[in-house]
Amino acid sequence: MKKIILGLAAFAALGMASCDDFLNDNRYPMDEQVANPAFWSNPMNVQAELNGFYNIFSGYGNGSGLGWFYAKSLSDDQSFTDGFQDWEYTAVPASSAYWNDSYTYIRRANLLIEGVTSGTITGTEESDYIAQARLMRGYNYYLLVRYYGDVPLIKKALDPADTEELYGPRVNRDEVMDYALEDLKFAVENIGAESSKLTFSRDLARAIMSEVCLYEGTYSRYRTLDENGKAADETRAKAYLTEAANAAQPLLAKYPIGTGIASYEALYNSFRTVINANPEVIFTKNYDINTLKHSTVDYTSSSTPIRGITKDAFDNFLFVDGKPLALTGENKSDVATVDADGNYSISSVLAVRDARLSVITDPFIYYTGKQYARPNTMPMTSTTGYGVRKYWTSEMTYDDVTTANRNYTCAPLYWGAYVALNYAEAKAELGTLTDADLNETLNKLYARAGLPSNRTVADLNAMTDPANNMNVSNLIWEVRRCRRCELIMDNWIRYWDLVRWHQLEKLDNSKYPNILLGANITGMDVQISNVNGYIDAAFGHVRRYNKKHYFFPIPSTQMQLNIALTQNPGW
């Protein structure tokens, strides 16, 4: 059966739009035909319904819309574009796509599971279809728990007579996550395809399972009664961390981390044929010049101020001697020099740092009043002085680079480095990370970044970085630091890492001002707001931490429709 590949027809066909509310998402059958067992006995119909799940993955966005790379800038890694970015929500919304979309996909999965079960498709083909639907149901329950904590748990496609489920209360998040894990396990065991960069496979299920279980394991370990009303649970943490490591381990050799810094860059700025041949890529969202396109390259290459990386993020990268800023013997200066064209060059600064920085940002500082243009870009400014080069390519024309909905580079969704970092962190949290594990994970990332790559667990345990402000061991701090560098601006990862580690207070710039400072502009020839010579990208605003931000507020319309729902604390 031919599948519609991820990124082209599946993403272009956005006709399966989400309903406006939870009740409508779960009350009615899709239509008379879909509810008919004969419909579900036709593999072409089943596959068409499965193809709708590919729209879940945002990637670089669709058309002129924003995706989950670069644009999700609420973190300590970036500063917002046209002003200060506060929390995702500062008031209770009437509705939310985060809620509506996930329940739409859960309903789709429940309908498909019940439909295929009622039809005439049997054996491994039936198990394959059900496993793909359960993969997406489990993934969407994970997203809902991540956003809201306790949520209604709907295990079947509802009709108007199912009032108990339709108007039921929120279910303990732990129970929902356990249910999601069972879905993911079933997917790993029953999806037909072992691997595929463009369609659902067992390897994708393993990669998703490594993400979900790492989230739940660390969340369970670090959560506190003060923040979410549920105590830390070491038994639960260890069980989920073990599941995370076990899911990731078979993928390490199968999707090896590429050698050389060019392989890091190629993950983010390749066209279809290149990324589909990349052995590190597990699952990708394809774009194409003739069909589906995006705007991420444009948003990082045109006249709209770029959401630049911060001083805090820049300082997080190691020096070429393998040591952090406080311990290095290399030149620590971050002051630019003026080149022959009058640009403020930081080439010498980047030369003694982790080579990934030279892929992530430009070799020049630029900001309002001092522009810079790469080949095939407009003159640009950055909120922090540091640009975002990571997604740009010189292989598209000027018009394609600088125009919304004209970009056709492809987005990695799951890949070797990401899974390797999941594995390394899970093992470090379990206290079972070995030198052999490091050689399969962090040491390969160090090598690609031009850093010493023969590190041992003892080495990392002995590296006491004064920047460690998370009250964790030297080893876990280094695993987290390496993860932050490798995955900067990728797939909304950093924000949710801070949530699961219970470090969301690190986004309070009144306590941690470096998270909204930018480049060193000491001695430069324009006046711009600065703090001790570093660009002040806070725009005069303060983002203060409140424990309520660990969860998004339940949309008010949902609570009006279902009086059994309760609001999250603080909202």
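Trainee: By class, how many nonpolar, polar and charged residues are in the lining of the second largest pocket?
Mentor: That lining has 11 nonpolar, 3 polar and 10 charged residues. Ala, Val, Leu, Ile, Met, Phe, Trp, Tyr, Cys and Pro count as nonpolar, Asp, Glu, Lys and Arg as charged, and the others, Gly among them, as polar. Keep in mind that this is a predicted model, where local features need pLDDT of at least 70, side-chain atom pairs count only at pLDDT 80 or more, and totals for chains, interfaces and linings use all residues. Residues are numbered from 1 along each chain as its sequence is written, and side-chain values use heavy atoms, with hydrogens and water left out.

Trainee: What counts as a pocket?
Mentor: On a 1 Å grid over the protein atoms alone, a pocket is an open set of points where a 1.4 Å probe fits, with protein on both sides within 12 Å along at least five of seven lines. Lining residues have an atom within 4 Å of a point.

Trainee: Which residues lie nearest the centre of the second largest pocket?
Mentor: D312, A467, N469, W477 and R484, out of 24 lining residues. Helix 16 (311-315) and helix 24 are the elements that give two or more residues to this lining. Helix 24 gives the largest share, 4 residues. Helices here are DSSP runs (H or I, at least four residues), numbered from the N terminus.

Trainee: Switching to salt bridges, how many are there?
Mentor: The count is 43. A salt bridge is a side-chain nitrogen of Lys or Arg within 4 Å of a carboxyl oxygen of Asp or Glu.

Trainee: Which residue does D497 pair with?
Mentor: D497 forms a salt bridge with R483, at 2.8 Å from N to O. The two link distant parts of the chain, 14 residues apart: D497 is in helix 25 (residues 493-500) and R483 in helix 24 (residues 474-486).

Trainee: Is D497 buried or exposed?
Mentor: D497 is buried, at 5% relative accessible area, and R483 is buried too, at 4%. Buried means under 20% relative accessible area, exposed over 50%, and partly exposed in between (1.4 Å probe, protein chains only).

Trainee: What about D400, which residue does its side chain meet?
Mentor: D400 meets R406 in a salt bridge of 2.7 Å, N to O. D400 is buried at 8% relative accessibility, while R406 is partly exposed at 31%.

Trainee: And K156, what is its partner?
Mentor: K156 pairs with E165, their closest N and O atoms being 3.8 Å apart. K156 is partly exposed at 33%, and E165 is partly exposed at 31%.
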